[in-house]
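The following exercises are to be worked through with the sequence and the coordinates side by side. Each task is followed by a solution that goes step by step.

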Amino acid sequence: MNSCIATPSTRGLLEVSGLCKSFGGVKAVDGFSFDAKPGEIVGIIGPNGAGKTTVFNLVTGVYTPDSGSVRLDGVELSGWRQDVIARAGIGRTFQNIRLFKGLNVLENVMTASDPYAPYNFLSAILSLPAKRAADRQATGQAREYLDLVGLGGMEEARPESLPYGLQRKLELARALAIRPKVILLDEPAAGLNPSEVREFIDLVRRLHERFNFTIVFIEHRMEVVMNLSHKLFVLSFGKLLASGEPEVVRRNPAVIEAYIGDEE
Amino acid sequence: MDYIYSILTLTGITMIGVMGTYMVTGLTGQFSFGQAAFMAVGGYVSAMLTLRFNLPFPVVVLAGSAAATLTGLLVGMPTIRLRRDYISLVTFGFGEAIISVLNNSAQLTGGAEGLVGIPKRVDLPLVAVSVVCCLFLVACYKNSKFGRQSLALRTDELAARSMGIDVNRMKLVTFLFASAITGYAGVLYAFYSQYLEPGYYNWTVSAEWLIIVFVGGINSLTGAMVSSVILTGLPELLRFASAWRILIYCIIVLLIINYRPNGIFGDWEINRLWKKRKAVQGGRA
């Protein structure tokens with residue numbers, strides 16, 4: 001485990017250091033570190049199978065890291081349960097969209113506030129005023145998030161009946177609704193057509209301006225990466241290959257080699 | 001007339017039992033193959049309390065439901081973490097174990113000969129009122145944060161956790177509420193039929209309730225209720241063709257599963273009728 005010595009990182013909102021995870025004999029993530037300051041948009045790129053999604057799964061508690069630390073606002077999160085980490089302020093979307101099919105569009109977003117809804121079992125089954133007031137408020141909030149991403153008017157629709165691009169937006173609205181300090185987007189532009197990609201970039205910019213949260217995203221589309229990120233981390237075979245400003249990283253020979261092979 | 005009266009009463013009791021199965025299977029997506037055992041617990045506990053201590057009926061109703069909930073807690077705590085397919089095995093085993101216990105503790109329960117001499121305290125009006133009340137409670141539950149979180153984790157546990165939903169706790173809460181409702185159905189049955197025997201509660205009853213929920217629409221309480229009426233009433237209607245009725249019943253179930261894999265109602269609920277009307281009126285205003 002020599003490779004897993006944590007390197008000190010500068011003070012950030014989300015600080016991940018020396019993250020390691022093996023599946024059987026395969027080291028999926030091998031001493032990876034990254035950090036994001038408040039309000040920063042950070043991109044994580046890397047060839048297929050580099051371990052990017054595994055990093056997200058480690059940060060959000062889907063897997064427990066073998067070693068390394070994940071800190072949010074200075075609080076160590078690794079080893080916590082997935083739902084506790086989410087409530088601590090890390091929201092996420094998934095590479096292969098995972099919406100709740102049994103619920104309509106509005107209810108999908110409402111699940112974000114449900115873990116905090118201020119009413120108990122008894123008011124729920126008797127539909128007491130406390131419950132109705134809380135649900136009304138939650139409905140109002142959920143509508144706001146839907147309006148923000150451009151899904152206003154589709155509250156009653158079934159998520160699976162929406163076109164692909166709108167499903168991505170719904171997943172984004174749902175993640176926003178938990179009011180995360182940090183939001184992790186796993187290939188948010190995958191499967192979108194070029195005009196949808198441009199629209200998506202604008203949407204993320206707009207949301208970022210409004211909420212000023214920290215965004216960490218995984219993406220292959222260079223258009224998205226170059227347009228959005230303030231800082232890039234390149235992951236290859238589970239290790240950090242390069243990091244820094246997007247333009248600098250893009251010209252890094254090691255990065256080019258990892259992506260398209262040696263030039264010779 | 002007595003005959004129709006008894007069919008209606010038993011259908012009502014089945015509806016309440018099916019509500020329990022609907023919650024476990026329809027809301028959280030677990031397969032409970034032992035749901036009828038909670039009915040046994042509710043029935044036996046309330047009947048024995050009456051026979052031995054002569055407690056008033058409202059007290060034994062509460063005690064019966066509470067005993068079923070407590071049993072739900074005992075079964076639920078260790079199993080809720082398991083994967084879905086294992087849960088059906090555990091609940092199945094639990095159901096059969098309860099029957100075995102009832103059969104073998106003859107001094108307390110009357111064993112296989114059954115428990116006799118239970119006073120008649122339940123009639124059709126009480127069952128009808130109970131159906132309406134329970135339906136109200138379950139519908140409110142479905143429509144609250146509890147229902148939404150349960151439905152969310154049913155489709156995708158991983159995504160539900162990423163929204164901050166405490167999946168295990170939610171499953172347990174729904175399972176306990178279902179146990180309480182099913183236990184209440186058991187109390188009603190005990191004080192209606194005045195006679196209890198362990199064989200009545202075996203896994204075939206639980207399986208029948210699951211079939212009812214699936215035929216009605218896995219995501220629809222309305223569907224579960226309509227199909228309980230149809231599927232409990234149907235065998236009675238088909239009595240004239242007694243040799244064939246099980247076959248006809250099976251064919252109807254197979255046809256529905258084949259041609260409407262999401263059940264008759266899918267996820268449609270009856271309250272959409274007036275919700276939509278309200279929306280139209282709201283739009284005009």
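**Exercise 1.** Is the crossing of α2(B) and α9(B) left-handed or right-handed, and at roughly what angle do the axes of these helices cross?

*Solution.* The model is a predicted one. Begin with the axes: those of helix α2 (residues 35-53) and helix α9 (residues 167-193) of chain B come within 7 Å and cross at roughly 55°. The sense of the crossing is right-handed. Turning to the residues, α2(B) contributes, among others, B:F38, B:G42 and B:S46, which meet a set in α9(B) including B:G183, B:G186 and B:Y189. By class, this contact has 10 nonpolar and 8 polar residues, with no charged ones.

**Exercise 2.** Determine how strand β8 (residues 214-218) of chain A is covered, and which strands pair with β8(A).

*Solution.* First, 5 of the 5 residues of β8(A) are buried. Next, divide them by face: A:T214, A:V216 and A:I218 lie on one side and A:I215 and A:F217 on the other, and both faces are covered. Finally, β3 (residues 41-45) of chain A pairs with β8(A) in the parallel sense over 4 bridges, where A:V42 has A:V216 as its bridge partner. Strand β7 (residues 182-186) of chain A is also parallel to β8(A), with 5 bridges, and A:L185 is partnered there by A:F217.

**Exercise 3.** Describe the side of chain B that touches chain A by element and by class.

*Solution.* In the contact, 24 residues of chain B face 27 residues of chain A. Helix α7(B) gives the largest share of the chain B side, 8 residues. By class, that side holds 11 nonpolar, 6 polar and 7 charged residues.

How values were computed: Residues numbered from 1 in each chain as written. Chains lettered and ligands numbered in written order. Predicted model: local features only at pLDDT ≥ 70, side-chain atom pairs only at ≥ 80, totals over all residues. Contact = placed C-beta atoms within 7 Å. Helix = DSSP H or I, 4+ residues; strand = E, 2+ residues; numbered from the N terminus. Nonpolar A, V, L, I, M, F, W, Y, C, P; charged D, E, K, R; others polar. Axes fitted to C-alpha atoms, helices over the stretch in contact; angles between N-to-C directions. Left-handed = near helix turned anticlockwise from the far one by under 90°. Buried ≥ 20, exposed ≤ 12 C-beta atoms within 10 Å, placed from the backbone. Pairing = 2+ DSSP bridges.
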